[in-house]
Amino acid sequence: RESDHRAWTPVSCTVTRQNATVQGLTEGKAYFFRIAAENIIGMGPFTETTKEIIIRDPITVPDRPEDLEVKAVTKNSVTLTWNPPKYNGGSDITMYVLESRLIGKEKFHKVTKEKMLDRKYTIEGLKEGDTYEYRVSACNIVGQGKPSFCTKPITCKDEIAPPSLDLDFRDKLIVRVGEAFSLTGRYSGKPAPKVTWLKDDIVVKEDDRIKIKTTPTTLCLGILKSVREDSGKYCVTVENSTGSRKGFCQVNVVDRPSPPVGPVIFDEVHKDHMIVSWKPPLDDGGSEITNYIIEKRDAHKDVWMPVTSATVKTTCKIPKLLEGREYQIRIYAENLYGISDPLISDEMKAKDRFRVPDAPEQPIIKDVTKDSAVVVWNKPYDGGKPITNYIVEKKETMATRWVRVTKDPIFPSTQFKVPDLLEGCQYEFRVSAENEIGVGDPSPPSKPIFARDPIAKPGPPVNPEAVDKTKNSVDLSWQPPRRDGNGKIIGYLIEYQKVGDEEWKKANLTADSCPETKYKVTGLTEGLTYKFRVRAVNAAGESEPAYVPDPVEVKDRLEPPELILDANMAREQHVRAGDTLRLSAVIKGVPFPKVSWKKEDHEVSPKADIEVTGVGSKLEIRNTVHEDGGIYSLTVENPAGSKTVSVKVVVLDKPGPPRNLQVSEVRSDSCYLTWMEPEDDGGSVITNYVVERKDVASAQWLAISSSSKKRSHMAKYLIEGTQYLFRVAAENQFGRGPYVETLKPIKAIDPLHPPGPPKNLHHVDVDKNEVSLVWNRPDRDGGAEITGYLVEYQEDGADEWTKFQTVPMLDCVVTGL
């Protein structure tokens, strides 16, 4: 039967030998077989094969491997490859055995002891100059097959071949922008050469557009979507230890040119024609400009009219214009590969070559006095007709109207002394030129000037002195000079000299860096003595120096610390919880004191922001909570002494919970509550207490008092038998604090007392060792149902009573007497 079927199929019924041949089996399938013996009485039991049998041809050793080849030879190694045998003997190849024989010897020897399945192997550690031949055998589960045919004798020596290079590209290559191009070729050499690509002597690197592909025999540089910048001289170098080969290609990526460079210059303008010029394009697209295309357009029309399309010059005459009309010119550059975008000119009116003069350049003002100034200018272009007059105008800087300075003609001189200025006023001047066509545009206004007499150098500063010093600086102070030379003092120059030196050094480089009458000279050396001097500077120059009378020794000036308290550093500072606490003070002292803040002699909270500046210090705590309250101290200290101030900070908040809530005097309709004031009153007097109760079966609290100022309360109107919880909270002007709650429910019932004594106790029967007793109920049950009666007896004359038992009824038989 087949191994995956359950039904048995008979093979033969007439076998008398102890063997049989089973025909008709399927190759690759698995079968079970069974045999039974039979005599005239009948068939005996079957004997079954113990495991399945897979049907396949008998297994032999593999054929010999094929195509044993030598791939590489060096002076001490040989690399071999081979293909598997055509037939594996009916079983998978388990390993290959590679053998070698030194020429001159008879025997082959195994090359490796390891199990080898790869069909490539490098034999290393050979001796240079030795000659070997090799063969390989395949092994399967049966054993080792025949060896392959031997290789030719192989001598161990380095294979050397200089590089060769066969390129598929020419010396020059022209490519259109946007197209792809590739440089390919083949190469060889032993040892394997290194391939390098250069462009303009710089190594080419791969990116999204540039791809380099190198195989053991081929090389390729490909560029996708080429751009103009890809133009250049490309070089491929193939190099190994024996030499190198190079190939070159000049690649030119061509495109249409960029637009001509503007602006369009109108060299001549006439009523019927113009002459314009421009500059060639910055990029000719990699191909020579073949011509320029020039067109014109009347500014009031949309149509461009051709002027010429066959000029290589960068100038052109624009003919056939209508006088008074405004025109625009556009120019295209063209090469073999296309036409550029256009350069478009500004609008220009066609008018006669003679026009009013141009505007002169900005005039220069000199020789200013309190009532006059000389205006100087250069002659402008005369517009084609001689200039006959200049018109000079003035205006006060803050005014808007220009006024002619004279009605008399000014010509040919190009300067004019303007009279009648008002002393102290600020003026600007401009000039226009006039010819027979008319008056041209005015020049740009001159720089503003004040009408006042020329200024002289100022006098020296007055009374310079050293007013402060540290170990590396000196503070100087002085008064302004008595004479300012009719010019504003720009500032002061300060110089210092080490006693014993001849050279004076500048403390500041420019006068405007010290406009005030004080200056701190820094960068001095502690312990040395210096001289100081000060010069005043105005527009006319520097004054004579004024000297500080005595040399100054540079060292720290000691002043003990001083604290000037701000209003928030009074003896006590109150702040609402959640608000920001700010404490600050002004600090003085030389050198500037060290500043430290403490709270209760400990470090202040990390949430506090502390800021120290050169004039004071500030502590700030945002979102204050009650724990931020306490005594804060500020200490300042320097070598001359120290000073400390303290402030009590009270953070005003809701009170804490009341303490020790007790319930007493419980009745069926009331109970008495007492408590103690909170440990923390929130910085404000407790105004009242809020008392609430809750039936344990209910979710809602009910207020029973909200204005009690006492620390006790009688809770009335309770329902007998109901269990209650009570809670109390304190209130101050900032709100209600947290509640304190009873720990366990309180049941509203009257208090219990022991019952009264039973009444009318007497015996009703007596025996020799027992007595029968009866009695009546007591007058009072103590507030609860009587649960039983305790019976005791005492022997006459004894002191102790003996407990007999507790009975539920009003009678009892005492036994064991």
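By class, how many nonpolar, polar and charged residues does the lining of the largest pocket have? The points below take the pocket up first.

1. Basis. This is a predicted model in which local features need pLDDT of at least 70 and side-chain atom pairs count only at pLDDT 80 or more, while totals for chains, interfaces and linings use all residues. Residues are numbered from 1 along each chain as its sequence is written, and side-chain values use heavy atoms, with hydrogens and water left out.

2. Largest pocket. The lining has 17 nonpolar, nine polar and five charged residues (Ala, Val, Leu, Ile, Met, Phe, Trp, Tyr, Cys and Pro count as nonpolar, Asp, Glu, Lys and Arg as charged, and the others, Gly among them, as polar). The largest pocket holds about 1,000 Å³ of space; the volume is that filled by probe spheres set on grid points joined across faces, edges and corners. A pocket here is an open set of points on a 1 Å grid over the protein atoms alone, where a 1.4 Å probe fits, with protein on both sides within 12 Å along at least five of seven lines; lining residues have an atom within 4 Å of a point.

3. Pocket lining. V11, S12, R34, I35 and A36 are the closest to the pocket centre among the 31 lining residues. β2 (34-38) and β3 (43-48) each give at least two residues to the lining, and β2 supplies the largest share, five residues. Strands (E, at least two residues) and helices (H or I, at least four) are DSSP runs numbered from the N terminus.

4. Residues 163-252 are 0% helix and 64% strand, with end C-alpha atoms 28 Å apart. For residues 561-646 the values are 0% helix, 62% strand and 16 Å.

5. The same annotation source, an unreviewed UniProt entry, places "domain: Fibronectin type-III" on spans including 64-159 and 460-557. Residues 64-159 are 0% helix and 47% strand, and their end C-alpha atoms lie 29 Å apart. Residues 460-557 are 0% helix and 45% strand, with an end separation of 29 Å.

6. Three bridges join β31 to β32 (residues 373-376); K366 has V374 as its bridge partner in β32.

Note on methods:
UniProt positions are given in the numbering used here, feature names are shortened, and annotations may be inferred rather than shown by experiment. Two strands pair if DSSP finds at least two bridges between them.
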